[in-house]
Amino acid sequence: MENFLRGHVGAFNTWCGLPRVLLYDNLKSAVLERQGDAIRFHPTLLAFAGFYRFEPRPVAVARGNEKGRVERAIRHIREAFFIARKFTDLGDLNAQAEQWCRNQAADRPCPEDRTMTVRQAFAQEQPLLLPLPANPYPAEEQVAARVGKTPYVRFDLNDYSVPHAHVRRTLSVRADLGLVRVFDGAKMVASHRRSYDRDQQIEDRLSSPSSARPASIAASTA
């Protein structure tokens, strides 16, 4: 869910606005249950939609024509961007994706009106978008973690160090793609680079809690 919402935030920030209505396939991150036109949305998505003031609208079941544009765009990205592309890490991939979106993808003919480019079509539509709120939605993973006898919190298959004064306490872990931050109430007590290995003990405190800041990742849109 956090990655799902991060994709939204990245797109909104890149567009400097957002549409009034967003269409969704009936994936579980959006629709928990559906009986005809009676829809039970995922509460996290509803909170997110309320924060940005857009209407989430699922497409009709078994109506492929309603989501065909999205699927064609995905195919275009696979064929025009991903095929045979090399990258060193996620940051490099995102940087390449952003450059591709701002150049080749933006300068291609608009699928719905081939007399203009995607860039020109977006220039017409951008002033009609809803404005962004002053602060972005906090699309972080947030879990409670119990510290045992040793000064570590367990998160995503790894152990991250915390000050020894916080043993035998329940702390809050907030993680984005680059950082794992540990809080005791509202106070941040530790900050680490996020590890995607498993069963590691992470000791490399980045900095004092007062100066640590979350990492960001480039958004890629087509």
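Modeller: Let's start with Asp184: beyond its neighbours within four places in sequence, Asp184 is in contact with His166, Arg169, Leu171 and Val189. Contact here means heavy atoms within 4.5 Å. Keep in mind that this is a predicted model, where local features need pLDDT of at least 70, side-chain atom pairs count only at pLDDT 80 or more, and totals for chains, interfaces and linings use all residues. Residues are numbered from 1 along each chain as its sequence is written, and side-chain values use heavy atoms, with hydrogens and water left out.

Colleague: What makes the side chains of Asp184 and Arg169 a polar contact?

Modeller: A polar contact is a pair of N or O atoms within 3.5 Å; within protein, one must be able to donate a hydrogen and the other to accept it, and residues adjacent in sequence count only if both atoms are side-chain atoms. The two side chains come to 2.8 Å, so the pair passes the cut-off. The C-alpha atoms of these residues, 15 residues apart along the chain, are separated by 8.7 Å.

Colleague: Which residues of helix α2 are called buried?

Modeller: In α2 (residues 43-52) they are Leu45, Phe48, Ala49 and Tyr52. Buried means under 20% relative accessible area, exposed over 50%, partly exposed in between (1.4 Å probe, protein chains only).

Colleague: Why do you say they line one face of the helix?

Modeller: Seen down the axis of α2, they fall within an arc of 100 degrees, so they line one face. That arc is taken from the directions from the helix axis to the C-beta atoms. The face turned away from the buried side carries the exposed Pro43 and Gly50. The buried residues pack against α1 (2-15), β1 (21-24), β3 (38-41) and β4 (55-58).

Colleague: How do you know that β8 pairs with β9?

Modeller: Two strands pair if DSSP finds at least two bridges between them. Four bridges join β8 to β9 (residues 158-161), so the pairing holds, and the two run antiparallel.

Colleague: What makes β8 and β13 edge strands?

Modeller: Three strands form an open sheet in the order β8-β9-β13, with mixed pairing. β8 (152-155) and β13 (201-202) each have a single partner strand, so one side of each is left without a neighbour in the sheet.
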